[in-house]
Structure formats: structure tokens, C-alpha cells
Amino acid sequence: MPQADLVKEGARQMTICNACRYCEGYCAVFPAMELRRTFGKADLVYLANLCFDCRDCYYACQYAPPHEFAINIPKLMAELRRETYREFTWPGAFAPLFNRNARAVAAITASALALIAVFVLVFTGPAALFATHLGEGAFYRVVPYAAMTVPPLLVSIYGLAVLVAGALRFWRETAGAPGGSVGPAAFLCAARDALGLVYLRGGGAGCNYPGAGFSASRRWLHHLVFYGFLLDFASTSVAAFYDHFLGWQAPYPFWSWPVVLGTAGGVGLMIGTAGLLYLKWKSDPEPSDRPMVDMDVAFLVLLFLTSVTGMALLAFRETPAMGTLLAIHLGAVAGFFLTLPYGKFAHAVYRYAALIRYAAEEREARREAN
Amino acid sequence: MPMDSLEASAVDVLVIGGGNAGLCAAITARRAGARVLLLESATKHLRGGNSRHTRDIRYMHRGATEYVTGSYPEAEFWEDLRQVTGGDTNERLALQVIRSSEDLASWMQTQGVRWQKPLRGTLHLARTNLFMLGGGKAMVNAYYETALALGVKVAYQCEVRELDIRDGRFVAARGGAAEEFRARALVVAAGGFEANISWLKEYWGEAAENFVIRGTPYNQGRMLKELLRCGAKPTGNPRGCHAVALDARAPKFDGGIVTRLDSVPFGIVVNNKVERFYDEGEDFWPKRYAIWGGLIARQPDQIAYSILDAKALPCFMPSVFPPVEAGSIPELAAALALDPEKLTAVVERYNRAVRPGTFNPAVLDDCRTEGLEPPKSHWARPIDTPPFYGYPLRPGITFTYLGVAVDERARVIFQDERPAQNVFAAGEVMAGNILTQGYLAGFGLTIGAVFGRIAGQEAARCAAS
Ligand SMILES: Cc1cc2nc3c(=O)[nH]c(=O)nc-3n(C[C@H](O)[C@H](O)[C@H](O)COP(=O)(O)OP(=O)(O)OC[C@H]3O[C@@H](n4cnc5c(N)ncnc54)[C@H](O)[C@@H]3O)c2cc1C
Ligand code: SF4
Ligand code: SF4
């Protein structure tokens, strides 16, 4: 849907919700909506990024299709979020990556993989690639230390910069009434909501995902993915610390911090992403936005591949398969970080920014009410 | 028809109507061991009747909880009911409903219904009523899920047309195309006849053509009519219906809660002859909400217009359709197809009659008119700040009061005062025993849940004997 139509449709649906308010207890979207009487683009973009796509309000809505009001908030919000990611990304020339995201993510990852394969074959050569390497620095005999550390660092910094730029643009564009000052309390409150996935709790019963029944599975699987990701991040950081400051080179023994954290994170990621993919596959298409589902799937598949190849690398690092597995794992990791700011991961920063705004707004509203 | 596999003889309790009352009956009967079949006219998407549009339930309770702000004792509940009905209620049944409502919160929760804090803008109900998380449809969904999990059979798109009741004994119910349903006991929970315009016309004449029906188009009153035809004793005022002021642009059916308008106390209201006809500021809107439907129904062409200025707009809950907006009163009149000169004159006369006061929507304030007929007793402020706004209003029918008489075991009473042997009624189809006029917010669900449970229990017992 072109933007103007989407904004008009968003305003129409939000106006109906605002006269109804039955879903007030489900999530932050409705209380935030009630602080407004009209819904312009900025309001809608803000509200959309508060939505966790739990779908409770879709199944609870007496106006859901086939009712003539045709209220479908999760779908509307997903469309608006996709629009947010596209519009606020940097540089603008890359915005089309969000149009057919799954295809873009697949193409970029495949290219990264191919590039690494060529690199390894040319610079390392087949002999070293298919040999068994043991002991300290084994990985670096397949991919040199500099090649394994410098490009990822640059890509991550770039990705982070793009995401922060997007969040700042989002912040600027959604500023305005009703407002409220943003202090540390708002950051904390938003962190609590985000880290706890509070709005997937649905008042205790879980959310209507994948179908009309209530289930906590999406929330727990998302936790597995998120905390799995954090554990892997921690593992990498510890490894980097060992390497730079203690001079201990990978591979590390099984009972070392990097391996334990990495394994726990990898298992969490594998189960979490596989589970979420299964839920997506089972999920009701009615409240879904098809292109958003594709974006989700691309992201989850890539994350799944990253964790599976990582685990396989750990399992077979002392065999001749190590070189090949390392190349494939690095390809997946490269694809993941290259597409990080141009895919589903973007939701994390916009969601967090929206939650901060919400915390500030609510505080202000409560202050005024007293 | 998805019930092919279900042999008619395998049903102990047949429930007609899948709204609040029918679901409470089906669940209770099933829990009591009966094999239950529930028939519902609507599709799965539109199931749940008017209960789908509700948001809160009134219940007796002894103290504040996470969701209600204080106690609501039996005596107060009874007094509230006595007031709205003017004492014209079956005291025994009314007290039964009130007393049995005490455990509704926990019973409903057991069936999967969840609560939320009172919605913003509903403070006047925060102490007495419980709000369902997600509203009535979420409640209905929870009931269906529980009923199905317990083994209740449900058939959608299955409108019952005829009842075969002989000597107070239910024999069979018939749907279209020679579908026949037999069971040992029957629970009728098929709502009122508010969606049946031609029936409404019997009392309101042609005016009923201009009524908006707030709830489901499926409540055609067919089962009510069948029960009466089979000799059930009527109760409640046949002309009575709960009618409110709605936005005239509302859909003819099923517009639900969002089409109501709370603007009346903050401006003036004229009919299409551009005459005011009632004191817009007589009392708080929740108390006057339910007389405005009737007031508008008695105006020419059953239409009226709420006229406001910019000061008034933030005072009430936004509604689903934007107001008609204009820079001046004559322009507003033209946009509403009213006589501009007349509207200008009416507004000027009103503005001159407004006495200075301190405007406060939270109390019966001292902003009132003097020397104006009809007066505006509170919240009267001059309509002088552009832009000016107008909402067209129509009568919106919530429900009808006519029902069948029942006893305290939910048995339908026949004209010879004898109770039926195996026919029970619950919900709106028998609410007229208790509510003959007026309405207490959230009480429709209370009656349906209490009597639904009784009917389910009694029907299961009856089927077992
Ligand atoms: C907009 C709106 C808001 C309301 N809000 C509240 C509120 O907040 N709290 C409250 O307590 N009350 C409220 N009410 C009133 C409340 O809806 C009713 O009192 C209550 O729902 C009646 O329940 P019921 O089960 O008797 O009927 P319904 O819920 O109307 O169910 C009747 C069912 O019977 C089915 N049916 C009808 N005829 C047949 C047939 N011949 N064969 C098979 N099936 C049939 C219908 O399809 C329907 O599903 C509201 C009403 C409206 C319109
Ligand atoms: S989603 Fe439906 S039920 Fe929920 S607030 Fe909006 S209109 Fe009301
Ligand atoms: S889908 Fe869930 S999170 Fe999104 S608006 Fe609806 S209730 Fe809120």
C-alpha cells in the first residue's frame, strides 16, 4: 500500500479503536492511542513500533473482518513498521532492501559465502583447508587472524551506526504532543518492558500466537533467541579479551568461558529460531503482513544457520571438516552482520525507542491526571 | 452442516443461542455430565450475539480487588436495581441474580475469562463492574474454547426456526431443510428481538425503519416468538427497549459500542425542524444516556443534531466518525442540511440565556440557562468558539425487554402458571422478569450468566432423570 493510503487506513482503524478501547489492557499501543485524538503519520509510526504483534487484539475484536469495519491491528501495525524500517534507514539508497527483504538477505549472504570460499581457496589453498588443525591458532591457519577480525569489526560498527541513525530519525519524526521529558526512568522502564517481553504476556495467558488459542511459546522462544544472542555476544567478547589481553588463542577448551557461553547461546538460538520458524509456519495468515513474514523468516533462517554452523564447527573442530565448516560459518556470520541493519533486527532499536517514548508519555499523563 | 455425525438421540441438553447465557448454560450442563449440543445462527466469526459487544459485568462483592475499587454489597445492588426499574421487578428472581452474582468473577475466570482495570473514561463503573480483558468477544472466545474442550458440540450457521413443545414438554427443535434436533432438555438463550425491524414496527410504527440496531443482526426473536406461540407466559413491557443516542452514520447493525456519542451534555441538540426538545444538561450522561434514544425516536424522521463548538470537543470520548466541522453556525447548518437562519437564531437565543458559572464536567455545575425552554440545567456554555461541530444522531436499540416468564430454576412458565418440564430459558429472552425498564450497566451479562448457569444445571439434572 502506498504511504498516503496506509496512513489514511491507519487513522481510520485507530479512530475506531479509540472510540472502543476494549483492548486497553493488552499492551502499550492502546493507552498511547488514547492520549491522541487524531492520527497522523508520526503518531502511527510510533504506535506501530509499540506493537509486539501478539495478536490478542485481533481475535478479541468484534470488528475484525468480515465485519464491515474490518479492524486488523496486527496487520496494519506490521505494514507500518515495515514502512518505518524502510523510511528511516541509512543511506536512503539502501531502502529498497526492505522491499523484498528475504531475497536481498539471501543474495547478500550467498555472496558473502562465495567470497569467503574464493578467498580461502585462493589464499589458504585446498591443502590447508582440508587438513586437520589442532591446538592454539588452529582457526587462523584457515582464515588469517586479520581477515577474521578486522572486517567483522568494521561491519558491526557500520551496522550499529545505521541502526542508531534510524532510531534518531524515528525519535525526531515521532516527537511532538503529547510528549513528556525523557529521563533515566524512561530508559529503565522501556528496558524492563523490552527485556521481559511484557506485552507478549497478554495478562498472564500468553498471546494468540500462532492461532486463536493462548500460548506462551512465542514469548519463551523469543527469549531463547534474544538471550541466546546475548550469550554468543558475551562469548565472542570474552574470546576477544583472551586473545588481545591474555594472548590465549582460539580454539578454547570445552570448559572455557567462550565455549560454555557460546554453546549455551548457540543451543538457545537453534531452539529459539527453529521454534519461531515453526510458529510462523503455523501462524494464522489473516493478521499477518506477508512481506513482514518474509523478512522475519529470512532473519530467523540466517540466525539459525549461524548457530547451527557454529555448533557444527565446535563439534568437528578437530577433524578435517573444520576448514570447510569455518568458511561456511563465517559466511553465515558475515551475511548476518551485513544485513543486520537492513532486516528484522531493526525492530529492536525502533521498539526500544518507542517504549522509551511511551514510558515518558505515560508518566506525563499520570502527572497531569493527579 | 457439521453435525452429521452427531446422532440426535445422543444429545441430553440442546442449547439454542451461543451468546453469554447459552455458553454459561452449555458449559455448566456439560460439567454436570450432560451431552450438550449448542446451535448458533451466526458464523463462527460473528458468533456470540450481543455478548460479543459487551465490556463489563456488574457483580456483588465484599471488597476492593485488583480490578474493582471497592465493595458492592447486596443492599446497594438491590437499591440500584429498584431505582432503575421503579420497583417493577420480580423481587425473588432479582435477589437471586444479585446473590448468585457473587462468585461470578471467580467462576468466569475458571472458564478462561480474564479481567482488566476499568477502561479510561469509565470511572463511574470502577467500583461496581468488572471489565473483561479484550471485551465481550474475548470473553465469548474463552467460553467457546472451554466449552469445546469439555466436549460441548457446537453448530454454527444453524438457525432454529420452530419449537415443538407439547404440554410443557420439549419434543424437538427444527431448523431449515428438515433438520430436526431432539434432546431430553432444552435451554433457550437466543436473545431478544431487537434486530427484527418489522416486530419493532408493531410498537413504534414506521419510525422503527430509522432505528439503528447496535448489536447482532441474528437476534430476530424467533425463539421468543416460538415460546410465546407454544404458550409461554410473556413478561416485561413488549414496547420497551433500551435505546440510546447514536451517530446517525452508524452501520444499520452490529456497530456496537463505538457509534455511541457522549457529546450531548456539552452542547445543544436540535431536531430537523431546528428546535431543541430536551434539557441536554439534566444529569450526568451515564444517567441520561438511555433516555435519549427514546427522545430522538419521537422527533420527526427520528433524527437530531448535536451542536458544539471548539471548547466542547475535548470534553467527551471521541467517537468513530469525525464531527461535521464548519467555521460558522450558518455553514454548519448548511453542512447538516438544517435551516441556517433558524440554527443561528436558536444558538443565539441559547447563548443569551447562558448564565455565567464555573464549568466543571465532573460535578453538576452551575453553568445553566435562564428563561430558556427547555432549559439546559448544567454545563451550559455559549456556543461561540469556532470551529463549530455537529453530529447527526439516531436512536440506537441495545435490547428489548419482552421475554418469557421463568421461575427460580429457570423453567419457562406457561400461561396456566405451570412450569415447563424440560424447557429452560436464560439471558435476554427472560431478562424481562427482572428488568422491565431502565438499565444498569453490566447487568445484562449478570442475568445471563446467573440464569445460564442455573438453566444448564437444571437441564442436565432434568436430562439425567
Ligand atoms: C453495543 C452493546 C454493548 C453492550 N454492553 C454491555 C455490557 O458492557 N455489559 C452488559 O452486561 N451488557 C451489555 N450489553 C447488553 C448485553 O449484550 C446483553 O444483555 C447480553 O449479551 C445478552 O446475552 P444473551 O446470551 O441473552 O444474548 P446474545 O448474546 O445476544 O446471544 C444470543 C445468541 O442467540 C443466537 N440466536 C438467535 N436466534 C437464534 C435461533 N433462532 N437459532 C439459533 N441461534 C439463535 C444469536 O445469533 C446470538 O448469538 C450490551 C449490548 C450492546 C448491543
Ligand atoms: S482492536 Fe477492536 S476491540 Fe480492540 S480496541 Fe480496537 S476496535 Fe476495540
Ligand atoms: S497485536 Fe498485540 S501488541 Fe499489537 S496492538 Fe494488538 S494487542 Fe497490542
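1. A:F336 is buried, with a relative accessible area of 3%, where buried means under 20% relative accessible area, exposed over 50% and partly exposed in between, computed with a 1.4 Å probe on protein chains only. This is a predicted model, in which local features need pLDDT of at least 70 and side-chain atom pairs count only at pLDDT 80 or more, while totals for chains, interfaces and linings use all residues. Residues are numbered from 1 along each chain as its sequence is written, chains are lettered from A in the order in which they are written, and side-chain values use heavy atoms, with hydrogens and water left out.

2. Over all chains, the structure holds 40 aromatic pairs; rings of Phe, Tyr and Trp (its six-membered ring) pair if their centres lie within 6.5 Å, and planes under 30 degrees apart count as stacked, over 60 as edge-to-face and the rest as tilted. A:W90 and A:Y158 form a tilted pair, at 6.4 Å centre to centre and with 50 degrees between the planes. Because A:W90 lies in the loop between α5 (73-88) and α6 (101-129) of chain A and A:Y158 in helix α7 (residues 145-173) of that chain, the pair ties together parts that are 68 residues apart in sequence. A:W90 counts as partly exposed at 49% relative accessibility, and A:Y158 is partly exposed at 32%.

3. The rings of A:F229 and A:F336 are also tilted, with centres 5.8 Å apart and planes at 55 degrees. A:F229 lies in helix α9 (residues 217-246) of chain A and A:F336 in helix α12 (residues 322-339) of chain A, so this pair ties together parts that are 107 residues apart in sequence. Helices here are DSSP runs (H or I, at least four residues), numbered from the N terminus.

4. A:R357, in helix α13 (residues 346-369) of chain A, is buried yet has no salt bridge, the nearest side chain of opposite charge being A:E361, 5.6 Å away. A salt bridge would need a side-chain nitrogen of Lys or Arg within 4 Å of a carboxyl oxygen of Asp or Glu; Lys and Arg count as positive and Asp and Glu as negative, with His and the chain ends not counted.

5. The largest nonpolar core has 110 residues, and those with the most contacts inside it include B:I434 and B:F451; such a core is a set of buried Ala, Val, Leu, Ile, Met, Phe, Trp, Tyr and Cys residues joined through side-chain atoms within 4.5 Å. Its largest share, 12 residues, comes from helix α12 (residues 443-464) of chain B.

Methods:
Helices (H or I, at least four residues) and strands (E, at least two) are DSSP runs, numbered from the N terminus.
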